[in-house]
Amino acid sequence: MVIAIDGHSSCGKSTMAKKLAKDLGYIYVDTGAMYRAVTLYCMRNGIIADGKVDNKKLTEAMPLINVSFKLNSSTGLPETYLGEECVENVIRTIEVSNNVSPIAAIPLVREAMVSQQRQMGLNQDIVMDGRDIGTTVFPNADLKIFVTASAPVRAQRRYDELKAKGMPADYEDILKNVEERDYIDSHREVSPLRQAPDALLLDNSEMTIEQQQQWLMQQVDRLRK
């Protein structure tokens, strides 16, 4: 079974997808983390600066960018690796968030990541979340969920998450980032963020994590019958 979870930034897709995969015993793939890892590489290597991308450098670098996931033996959850370095925390910073949408909109980057994502989904049960899983990566997924929440709610969640990790955070900066990413993600030329016609809409603005997971399991159980 392939479960595709798409939706806006900071609406809890990764959290719900990780837990759902763990509860079902499925493989989990965080595609957003893949684009964040590529963005981090670009920031570190002078490929993006002030929102502008050096396409020549990016084209040369893409074959060298290796993103993978490895299980943390303590938590039982997958973590993002850029080469041999665990970048799970650093890719969640506001600096990376401010640069990820321009990088993720580039056709070369999307083609490379989509190819990797499809390979991960071969012959195994997976839960994959991102922006275009149900529309581009796995248009024939068994279950498609499109998640959303109001921008202020999403900004507050992101703020709380960063503070809980002891990382610097400013609510107004985060809200601006959320709104800008919504616009860029929805208006990019390649694989724009949109709800697939056969995707179930989940607005979790007023839902607890427990209510959300219960709803998700109900959808999975419905397919299994």
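## Nonpolar cores

A nonpolar core is a set of buried Ala, Val, Leu, Ile, Met, Phe, Trp, Tyr and Cys residues joined through side-chain atoms within 4.5 Å. In this predicted model, the largest such core has 36 residues, and those with the most contacts inside it are Val 38, Ile 65, Leu 82, Val 109 and Phe 138. Two or more residues each come from β1 (2-7), α2, α3 (55-61), α4, α5 (107-120), β8 (126-130) and α6 (133-137). Helix α2 gives the largest share, 8 residues.

Leaving aside residues up to four places away in sequence, Ile 65 touches Val 38, Tyr 41, Leu 82 and Gln 116. Another core, of 17 residues, lies apart from the largest one; Ile 3, Ala 17, Ile 145 and Val 220 are among its members. In soluble globular proteins, nonpolar side chains tend to be buried together.

## Helix α7

Helix α7 covers residues 151-164, and its 14 residues should span 20 Å at 1.5 Å a residue. The end C-alpha atoms are 20 Å apart, in agreement with that value. Its buried residues are Ala 151, Arg 154, Ala 155, Arg 158 and Leu 162. Viewed down the helix axis, they fall within an arc of 100°, so they line one face of α7. An α-helix has 3.6 residues a turn, so residues three or four places apart point the same way.

The cover over these buried residues includes α2 (31-44), α4 (94-104) and α8 (171-187). Just after α7, Gly 166 has a positive phi of about 75°.

## Cysteines

With a cut-off of 2.5 Å between cysteine sulfur atoms, the model has 0 disulfides. Cys 42 is in no disulfide, and the nearest cysteine sulfur, that of Cys 86, is 19 Å away. Cys 42 counts as buried, at 0% relative accessibility. Cys 11 also counts as buried, at 1%.

How values were computed: Residues numbered from 1 in each chain as written. Predicted model: local features only at pLDDT ≥ 70, side-chain atom pairs only at ≥ 80, totals over all residues. Heavy atoms only, no water. Buried < 20%, exposed > 50% of the residue type's maximum accessible area, 1.4 Å probe, protein only. Helix = DSSP H or I, 4+ residues; strand = E, 2+ residues; numbered from the N terminus. Expected span 1.5 Å × (residues − 1). Arc of directions from axis to C-beta. Contact = heavy atoms within 4.5 Å.
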